[in-house]
Amino acid sequence: MSWFKRTDKGIQTPTEMKREAPDGLWYQCPNCKKAMHTREHKLNAFTCINCNYHEKIGSEAYFQILFDEGEYTELDENLRSGDPLKFTDTKSYVDRVRATEKKSGLKDAARTAYGKMDELDIVITCMDFSFIGGSMGSVVGEKIARGIDYALKHKMPFLMISKSGGARMMEAGFSLMQMAKTSARLAQLSEAGLPYISLLTDPTTGGVTASYAMLGDFNISEPEALIGFAGPRVIKETIGKELPKGFQTAEFVLDHGFLDFIVDRKDLKDKLASLLKMLQ
């Protein structure tokens with residue numbers, strides 16, 4: 001016979017005495033569905049400790065990972081989109097931008113900053129998918145161009161972190177013009193002999209892939225990132241054929257010669273610093 005005997009059945013704790021786990025304390029991986037402490041997930045560069053799934057992150061997280069002590073100076077932080085076409089779909093472009101600014105806390109889909117990475121001076125422009133799908137509009141193109149100008153003026157390498165659904169339809173031709181503008185600035189960077197590294201993250205598609213994202217002296221990517229021009233579904237419907245397994249993943253693109261290497265986010269800072277030191 002057991003030495004312990006329950007005399008009361010059911011949970012007797014009063015409701016006011018119960019404690020709930022604070023919101024945001026745990027992170028559940030969308031890939032393997034396992035849970036981990038949010039702090040542990042952040043310390044692991046926002047990758048899963050079980051399956052190494054790379055969570056989509058924004059510019060602030062990348063800046064904290066790459067810049068020494070997370071310290072940097074942002075350039076042109078108050079640039080905002082205009083409405084040159086007076087565009088309206090389900091809502092006006094002005095209202096959409098205003099609502100996205102409020103929701104995301106961002107001014108547009110890219111931020112540029114400079115600082116030190118492993119004691120090396122560097123300029124970084126990083127895209128944010130949370131701002132209208134990371135779409136490339138006139139502000140994104142201008143921020144990249146001004147970031148390159150700063151790198152040219154101060155003789156610093158330039159890192160572009162792409163994460164985008166492509167050109168921003170609300171700006172039509174103004175958006176497509178950014179492909180030419182950024183490519184021309186990158187040509188000037190090349191002529192000056194300054195390194196340009198392009199990091200492609202999930203997803204990198206459309207006009208971004210067709211321009212600055214694939215023009216790096218080194219084109220690198222995070223594991224399993226979606227990289228392409230049109231999406232897999234569109235291509236499949238267009239050609240009427242089944243696509244190869246893993247089509248448009250970073251690993252597939254690497255095997256077909258469009259990437260130099262794939263780097264785990266936890267190793268990103270060390271890999272970039274080592275690469276830049278070799279190029280000095």
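The model is predicted, so to speak of local features we need pLDDT of at least 70, side-chain atom pairs count only at pLDDT 80 or more, and totals for chains, interfaces and linings use all residues. Residues are numbered from 1 along each chain as its sequence is written, and side-chain values use heavy atoms, with hydrogens and water left out.

Let's start with the largest pocket, which holds about 290 Å³ of space. Of the 13 residues lining this pocket, Lys42, Ala45, Phe46, Gln64 and Ile65 are the closest to its centre. A pocket here is an open set of points on a 1 Å grid over the protein atoms alone, where a 1.4 Å probe fits, with protein on both sides within 12 Å along at least five of seven lines; lining residues have an atom within 4 Å of a point. The volume is the space filled by probe spheres set on the points, which are joined across faces, edges and corners.

Which helix gives the most to the lining? That is α2, with 4 residues.

Now the backbone. Helices are DSSP runs of H or I with at least four residues, strands are E runs of at least two, and both are numbered from the N terminus. Asp202 and Pro203 are joined by a cis peptide bond, with omega about -5 degrees, and Pro203 sits in strand β7.

Glu119 has a positive phi, near 70 degrees, in the loop between β4 and β5. Ala172, in helix α5, also has a positive phi, about 45 degrees. Most residues other than glycine have a negative phi.
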